[in-house]
Amino acid sequence: MKTTIKHLFTTILVLSLSNSFAQAIKGRVTTSENTPLESANAVINGTTISTTTDKNGDFNIDTQGKLPVTILIQYVGYKTEKLVLTAIPSSPLSIILTEDNKLAEVVISSRRRIEKAQNVPIPISVVSGKQAEQAGAFNVNRIKELIPSVQLYSSNPRNTGINIRSLGSPFGLTNDGIDPGVGFYVDGVYYARPAATTLDFVDISQIEVLRGPQGTLFGKNTTAGAFNITTRKPSFTPSANFEVSYGNYSFLQAKASVTGALSKKIAARLSFSGTQRNGLIKNVATEKSTNTLNNQGIKGQLLYTPSANTNILLSADITTQRPDGYAQVIAGVAPTKRAAYRQFNQIIADLGYTLPSTNAFDRKIDHDTPWRSNQDLGGASLNIDTKIGQGTLTSTTAWRFWNWDPSNDRDFTGLQVLAKSQNPTRQTQFTQEVRYAGQIASKISAVGGIFFIDQTSHTTGTEESGSAQWRFSQSTTSSKWATPGLFEGYGIYTDASIHSTSAAVFGQLDWEITEKLHVLPGLRYNYDRKDADYNRTTYGGLQTTDPELIALKKLVYSDQSFAKNTDATDFSGNLTISFKPTDRVNTYATYAKSYKPVGVNVAGLPTVNGQPALDLAVIKPEKVNHFEIGAKTTPFNNTIFNITFFNTDISDYQTNVQAAELGVNRGYLANADKVRVRGAEVDFSITLNSHFNINGAATYTDGKYIKFTNAPLPLEETGASVAYKDVSGSSLPGVSKWAGSLGGEYTTDAKFFGNLGKFFIALDSYSRSEFSSSPSASKYLVVPGYAIFNGRLGFRVSDGLSAHIWGRNLLNKDYFEQLLPAGGNAGHYAGVLGDQRTYGITLKYLL
C-alpha cells in the first residue's frame, strides 16, 4: 500500500496544478447580524449540483459550464434566497438570509432531485461524508452504529446480509439464488452483491438510507429499503485533500482525493483509500494474529459538459481485500438429541483434543486450515444527464464484477475435520437504467424509468475431509467408521452457476392537490428469470469395493446434480398521502405492495432417502404488504423530531436454513408461510446553542413468524426423531426489539498551527437488545444485548491541517455480532466477535 500511496500522491501533485479552467461561483452567506452561516446549502436549481458553506459562511460551487444558472441558498428556518446569474461574478457574492430558525438541514437526491429531507414523505436517514469520516464509519458495518434501523451481519464478505428494519436478506449464510431486499446504489449504479458493503468507502459525499419498499423510485426492486450513496464528483475548481490515521494494532488508513479541470469542458477526480491493521485474534497453533485488515480502493472520474444542459460522467473503480480473516471463535457447546457418543465433548475427548480456550473473548484459536477472504470488486459506469423541459433525462450504464477467493475452517477447531472448505466465485453484472425526473405539469412532478440487469455467478468449490472426519460423522456404532484413511482426502468438487435477468418499468407521481396536501402514487412492473445449474462430484478417500464402507462414505458426501429455471412477472406499487398542516409539521401515510423475486437453490439440497429434495430447488417469491404513518417536525427552533410507525406482512418469506448435512454448503433456502414485522422509529436533532448539538435515533421492532410449520430444527434438537418443527409465534432471527444511537458534540472557535477553526469533542453510543442468531430460535444461539461508546477530540478547519484523536468501544465491551453452528451440527457453535477497544489519531490536510 505504501508504494501505491507514493504513486498516487505524485499524481495528485500534478493534477492539483490544474486551475485555469475553473468555472466556479464563490460567495459568503451571513445573517442580518453579519454572522457567518456554516453548513448552509447552495444548490444550482434544476440540477443535482450542490455544496455547503464552511465555518466562515463561504461556499464555492462549480457551474460545470452551465450559464445562466439559478442558485438557491437554503438554511432551515431562513428564507431561501434565489440568485439568477448569467455570468461568473468577478468577486464573491454576499448573501444575507432572513432568520427564523437556526437548525441546519441536509438536502437529498433520492427522489432524483435536490430537496430538503424534512419535506420528503419517506423515512430517511442521512449521513454526510464528513460525519462518516469523523465517526470512523468507513464501511456499512460501522454506519449501522449511526442508524439503528440498519443491521449488517457478516461472517465473511460473501456471507454478508444487510437489512433495514430486520428485513432484506435472510439471516445466516448467503445463497446466490435470491435477491437482496435492500438496494445498494453508488452514484446511481446498483450493486447486486452484498459483499460490496464490507469494503471501504472511497471519497463519499453522502449516504442516504431510505426505509420501507422503494421499488417505484429505484431501478431494482427493494422490499425493505435502499442505500443511496453519492461520491464526490469532479470539479472545475482545483482542490485536494489528504488524510492519514494511525492506531493501535498497527492500524493505518490513508485517503486522498484530487480534482481539477483538464480543459474548459472536462474535469477529473482521482480518489484513493487504503486500510491496514494487524489481527485481533491469536492463532496459538501458528503464533500469528488473524482477522487482519488489508483493503485498497481507487476510483477515477471524468466529467464532460458539452453544453449547459448536459453532463457526461465516466467512472471506473477497483477495490481489493487481502485480509488474514474472517476467523470465528468457538463460543459454546449445545447438547443435541444425538446419542452420547455423538456429542461434541465426547468426540473431542475420544480424539484427545482440547480447545485452546472455553472463553470466546480470550480471542484464541488453533485452526489448522488457513483463513483467506480475498476479494476484488470493481467496474465502470457511464452516466448521462441532460435537461429536457422542466426535468432531467438520465441514462446510467454500468458493468461490474466481483471475484471471491476464500478458505475457511468450518469445524472451528485445530482438528482435521474439514481440511478444505473453499468456494471461489466469479460474479459479473450489466445494468442499464433510463430515467426521467421533473415537472410534467404545473402541479405534478414525476419520476419514471426502465431498468435492466443481467448477472451471472459461477462457483467452483472444494470441500474435503481430514483425518478426524470419521469421528464427527460417525452415526452408528460400527467399527468400520474408524477404517484408516476411509475419509481422509474424501471430498466434493462443486460446479454451480446461476444466470439471472430482470427488467422493470417503474414510476411515481407527486400531485400537489393543494400547497399542503400531496398525493404520491407509484407503480412497477417487473420480469425476472433465473437459470441455475448445480453439479457436485465426490472424490478421494479410501478406494474400496466394500459396500459397507462405500455406504458410510455416502453418508458424508454424495454426488448431486440438478438444473432448474424459472421466471415470473409482478405488478407492485405504493400510495402515499402527505399533509403539511404547518411549516413545522409534515405528516404522511403510505401503503405499499411489494415483492422479492422467485429464488433458486444453488448451494446443494438436503437429501431424502439419499436423493436430493428437488421440491426445494425453487422457492416462491415473497409478497409484501406494508403500511406506514409518520411525521417530520420542527417543534421548536433548532430542533428536528421525526417519528414513524410501520407494519409489514410477508407471505412466503424467503429464509435460509443451515443443514446438518456437510454437502449443503452455506445452507439452503426455504419459504416460511407468513411473517410480520411491526414497530416504531424516532430520530431527533437539537442544536442547544452555537457550541452544543445532540442527535439520536431509536427503533422498536417486533418481528415474528406468524406461521412457519416446517422450520428446521434448532441446534440443540439436532438428531430428534422429527426433521422439522413448528416455530409459529417465535421471533425472527437478527431482530432486536430495541436499538438506538445517541451522540453529542461540543465545538468552539480555536487556532491550530496558525489556522482558525474549531475545537471539538464528541461522544457517540450505539446499543441493541438481544436477538436470535438462528432461523429456528435456539436458546444457545441468542446474542446478548450490548452497548458501545465511541469518542473523538480534536481540531478541524475548512482549509489546512485538521487533527483529532479517536477511540472506539471505549469501555472495551465484549460482545458477539453473530453466532453460528459449525458444519455438521455436532453441537459446537462459533461467534463473530465485535472489535475490542481501538484508538488512534487522524491527520487531514485540505488544499
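Which glycine in the turn of the hairpin formed by strand 26 and strand 27 has a positive phi? In this predicted model, the residue is glycine 389, with a phi of about 60°.

## The hairpin and its neighbouring strand

Two residues lie between strand 26 and strand 27 in this hairpin. Strand 26 covers residues 372–388 and strand 27 covers residues 391–407; the two run antiparallel and are joined by 17 bridges. Within this pairing, isoleucine 384 has serine 395 of strand 27 as its bridge partner.

Strand 27 is also joined to strand 29 (residues 425–441), again in an antiparallel arrangement, through 14 bridges. In general, strands of a sheet pair through backbone hydrogen bonds, in either a parallel or an antiparallel sense.

Another sheet is open and consists of five strands in the order 10-15-16-13-14, with mixed pairing.

In one of the residue pairings, valine 186 has valine 189 of strand 14 as its bridge partner.

## Domain arrangement

The chain is divided into domain 1, spanning 24–100, and domain 2, which is made up of the segments 231–486, 505–555 and 566–846. Taken over C-alpha atoms, the centres of the two domains are separated by 38 Å.

## The interface between the domains

Contact between the domains involves twelve residues of domain 1 and 16 residues of domain 2. Domain 1 and domain 2 bury about 1,100 Å² between them, and 44% of this area is on carbon and sulfur atoms. On the side of domain 1, the residues that lose the most area to domain 2 are Lys55, Asp62 and Gln64, which together account for 45% of what that side buries.

How many salt bridges are found across the interface of domain 1 and domain 2? The number is zero, while two residue pairs are in polar contact across this interface, both at pLDDT 80 or more. The side of domain 1 that touches domain 2 comprises two nonpolar, four polar and six charged residues.

## Salt bridges

Side chains of opposite charge can pair when their charged atoms come close. The count for the model comes to 35 salt bridges. One of them links lysine 144 with glutamate 817, where the closest N and O atoms are 3.8 Å apart. Lysine 144 is located in the loop between helix 3 (140–143) and strand 11 (150–154), whereas glutamate 817 belongs to strand 51 (residues 816–821); the pair therefore ties together parts that are 673 residues apart in sequence.

Methods
Residues are numbered from 1 along each chain as its sequence is written. This is a predicted model: local features need pLDDT of at least 70, side-chain atom pairs count only at pLDDT 80 or more; totals for chains, interfaces and linings use all residues. Side-chain values use heavy atoms; hydrogens and water are left out. Domain bounds come from an automatic or database domain assignment. Contact means heavy atoms within 4.5 Å. Buried area is the accessible area (1.4 Å probe) that two parts lose on being put together, summed over both. A salt bridge is a side-chain nitrogen of Lys or Arg within 4 Å of a carboxyl oxygen of Asp or Glu. A polar contact is a pair of N or O atoms within 3.5 Å; within protein, one must be able to donate a hydrogen and the other to accept it, and residues adjacent in sequence count only if both atoms are side-chain atoms. Ala, Val, Leu, Ile, Met, Phe, Trp, Tyr, Cys and Pro count as nonpolar, Asp, Glu, Lys and Arg as charged, and the others, Gly among them, as polar. Two strands pair if DSSP finds at least two bridges between them. Helices (H or I, at least four residues) and strands (E, at least two) are DSSP runs, numbered from the N terminus.
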